[in-house]
Amino acid sequence: MGVVQERRVFPPSCPDHKLTLVMGERALYVNGDLQTARRWFDAAYRQAALRGDPPALARAALGLGGVWVHEHRTCAEAEMVRSRQRRALSMIDPWSPLSLRLHIRMRGEQDYRAGRHDTIMRFLVQARVSGDATAVAEALNLAHHCLLGPEHAAIRMELSGELIGQAAVTDRRADLLMGLMWRTVNLLMAADPHAERCLEELRGLLAQQPYLAVGYVVNAIEVMLSIRAGRFEAAEKLAGECFERGVAAGDVDATGWYGGQLGAIRWYQGRAGELLPHLSDLVSSPTLSAIDNFPLAGLALVAAITGERRTAAGHLARLRGRDLADLPRSSTWLATMYCVVETAHLLQDAETAARAYTLLSPYAGLPVLASLGVACFGSVRHSLGMAALTLGDLDLAVEHLRAAVHANLALGHWPAAALSRCRLGQALALRDGPHDAAARREQATAAAEARELGMTLPGVVGRAAKGHETCRFRRHGRHWQVELGGRLALVEHSVGMAHLAVLIANPGREILAADLAAGTWTRASEAVAAAQPMLDDQAMDTYRQRLAQLQAEIDEFESMYDLERAAALRLEREWLVSELTAATGIGGRARSFTGSEERARIAVGKAIRRALSRISAVDPAMGEELRAAVQTGLRCCYRPY
């Protein structure tokens with residue numbers, strides 16, 4: 001939707017203060033131009049103070065608050081506005097409508113910063129009793145800001161309906177537009193299938209005459225709807241345009257909203273790691289709302305994705321505080337909890353996942369909407385499924401993720417549906433084995449949907465139920481096929497891969513690093529700690545015989561000009577040569593580790609870490625899970641549970 005730009009008129013050096021007030025109120029209540037309105041009201045306040053006009057001073061102080069709550073984010077600006085409002089309040093009749101409106105504005109700001117709503121609701125009652133329609137409309141608007149938690153859905157719908165009706169009494173176009181905007185947002189937050197009908201009505205009114213503040217919210221919702229449709233390139237372009245319109249309107253949330261939109265796009269594209277520098281800067285920005293924890297939660301998730309586990313755990317601990325339940329129930333609470341659950345899953349933090357599951361359970365039927373429709377992350381059911389997956393309750397995870405697929409399809413959120421389907425397939429594979437037909441079907445469907453949408457699906461991090469084989473290593477010539485949770489990776493052979501194969505074939509069993517290094521471990525050898533060669537004489541004789549056989553076959557195929565088969569055999573020959581070279585010293589004598597357990601510990605640890613890095617290069621999620629399950633040291637072990 002286009003925005004009609006009108007010529008801004010800035011305050012002259014010394015106009016009549018009443019005219020300045022009228023210009024400020026026109027900019028705020030008619031045009032929704034927050035930036036211009038602030039300039040007019042600032043000038044009007046100074047002029048009214050010089051002329052000793054308390055009512056004009058109060059109107060200017062009230063106008064400085066704007067239409068949104070917490071429009072002034074820096075400490076200096078916020079305290080300046082509060083100081084002016086307190087001064088104006090002390091100079092006017094305490095029983096006047098202006099006094100009531102100032103009280104409503106100040107108490108609304110106070111409740112919002114404290115994450116409460118009780119005071120503003122009391123003043124809403126007082127405004128109704130007073131009969132002042134403007135005071136009622138402003139109280140209804142401010143109450144909405146303080147009631148944006150998911151538990152307040154029903155009361156918000158009542159308030160938005162009352163505000164729309166009140167606009168007919170105040171005759172202020174801004175009240176009607178704000179009422180319709182709140183109703184649209186409330187319907188989106190409730191996953192109402194008819195939310196876009198209200199959005200279309202709002203678009204129609206804005207097309208007749210722009211109102212920048214509400215038009216910016218509509219632009220943000222359109223970005224969100226494009227992301228839901230999986231139109232990532234178009235959504236990113238719209239997000240950039242939306243940011244520019246937010247700046248033009250003077251909306252202090254422009255930077256944070258753009259970050260949320262870009263975060264949603266990159267998350268579904270599988271490119272969230274690119275946002276690490278941007279989020280690191282954003283979390284310290286004074287433009288963020290006092291109760292907005294979404295950027296910090298996003299930073300924790302991105303840190304976990306990029307392998308910065310310690311940093312991610314630190315941010316998660318900061319969010320949790322004394323209790324995760326203490327986080328304010330703002331408009332970004334569900335989005336914050338979404339990131340908390342995903343981070344806990346990547347870190348396998350069962351305690352945080354369990355607490356998040358309890359807190360989110362009452363809101364299973366809602367979508368995860370960030371702020372006023374800025375970004376959507378699908379159904380809360382997805383987060384409940386991921387929390388259950390982290391806890392190892394695979395039956396519960398499957399139940400929630402299956403419901404999440406259905407809910408996301410109902411939302412028309414195709415990327416979220418593909419992601420939930422992918423996680424459902426992974427949960428089924430962990431529960432019923434990687435060859436389970438249902439698991440394969442869900443994963444194949446998710447992969448096809450992801451390709452069509454341009455998504456990169458995440459790997460599995462959850463743990464399989466006991467009794468199912470969690471990981472398999474199979475040797476194919478110079479490569480190992482690694483299978484974990486229904487995912488496959490082909491990794492080039494190395495000494496470390498051979499060590500891993502032994503550990504994974506014996507889950508839960510501690511094996512001496514010296515035995516792994518020597519290549520002679522058996523269950524019976526656990527009590528033996530003597531030095532042993534890396535390859536015994538019989539093994540080396542077998543290798544040498546195979547080398548001679550390979551050379552003869554290579555010569556034969558080359559004489560027949562069958563170069564493809566000759567090349568394949570040459571690869572095997574090169575591998576055998578490298579194995580013999582590594583296992584023998586000067587004069588062809590077998591190497592041993594001289595009985596030094598420390599040397600074996602260092603060599604085996606390095607080899608295994610290099611092997612895990614190779615696996616991570618092919619499949620980061622698989623590599624991460626194996627790193628968490630493999631223990632190295634004097635004794636090495638693979639602990640999948």
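**Learning to read helices, strands and burial**

Me: Let me start with helix α12: which of its residues are buried?

Reply: In α12, the buried residues are F232, A235, A239, C242, G246 and A249. They span an arc of only 90 degrees around the axis, so they sit on the same side of α12. The arc is taken from the directions from the helix axis to the C-beta atoms. Buried means under 20% relative accessible area, exposed over 50%, and partly exposed in between (1.4 Å probe, protein chains only).

Me: What should I know about the model itself?

Reply: This is a predicted model, in which local features need pLDDT of at least 70 and side-chain atom pairs count only at pLDDT 80 or more, while totals for chains, interfaces and linings use all residues. Residues are numbered from 1 along each chain as its sequence is written, and side-chain values use heavy atoms, with hydrogens and water left out.

Me: Why can residues spaced along a helix point the same way?

Reply: An α-helix has 3.6 residues a turn, so residues three or four places apart point the same way. In this structure, the face of α12 turned away from its buried side carries the exposed residues E233, K237 and E244.

Me: What covers the buried residues of α12?

Reply: Their cover includes α2 (34-51), α11 (212-228), α13 (254-269), α21 (414-432) and α22 (437-453). Contact here means heavy atoms within 4.5 Å.

Me: How many residues does α12 have, and what span does it reach?

Reply: α12 runs over residues 232-249, which is 18 residues, and reaches 25 Å from its first C-alpha to its last, close to the 26 Å expected at 1.5 Å a residue. The expected span is 1.5 Å times one less than the number of residues. Just after α12, G250 takes a positive phi of about 80 degrees.

Me: How do I read strands?

Reply: Helices (H or I, at least four residues) and strands (E, at least two) are DSSP runs, numbered from the N terminus. Two strands pair if DSSP finds at least two bridges between them. Here, strand β3 (residues 471-476) and strand β4 (residues 479-484) run antiparallel, joined by 6 bridges. C471 has L484 in β4 as its bridge partner. The two strands form a hairpin with 2 residues between them, and G477 in the turn has a positive phi of about 60 degrees.

Me: Which strands make up the open sheet, and in what order?

Reply: Its 3 strands come in the order β6-β8-β7, with antiparallel pairing. β6 (511-512) and β7 (630-631) are at the edges with a single partner strand each, so one side of each has no neighbour in the sheet. Between β7 and β8 (residues 635-638) there are 2 bridges, and V630 stands opposite Y638 in β8.

Me: Is H72 buried or exposed?

Reply: H72 counts as buried, at 11% relative accessibility. H72 is in the loop between α3 (54-64) and α4 (75-91). Leaving out residues up to four places away in sequence, H72 touches R38, L64, E77, A78 and V81. A polar atom of the H72 side chain lies 2.6 Å from the backbone oxygen of L64.

Me: And V169, buried or exposed?

Reply: V169 is exposed, with a relative accessible area of 57%; its place is in helix α8 (residues 153-170).

Me: How many helices and strands does the protein have?

Reply: The protein has 28 helices and 8 strands, and 53% of its 641 residues count as buried.

Definitions and conventions: A polar contact is a pair of N or O atoms within 3.5 Å; within protein, one must be able to donate a hydrogen and the other to accept it, and residues adjacent in sequence count only if both atoms are side-chain atoms.
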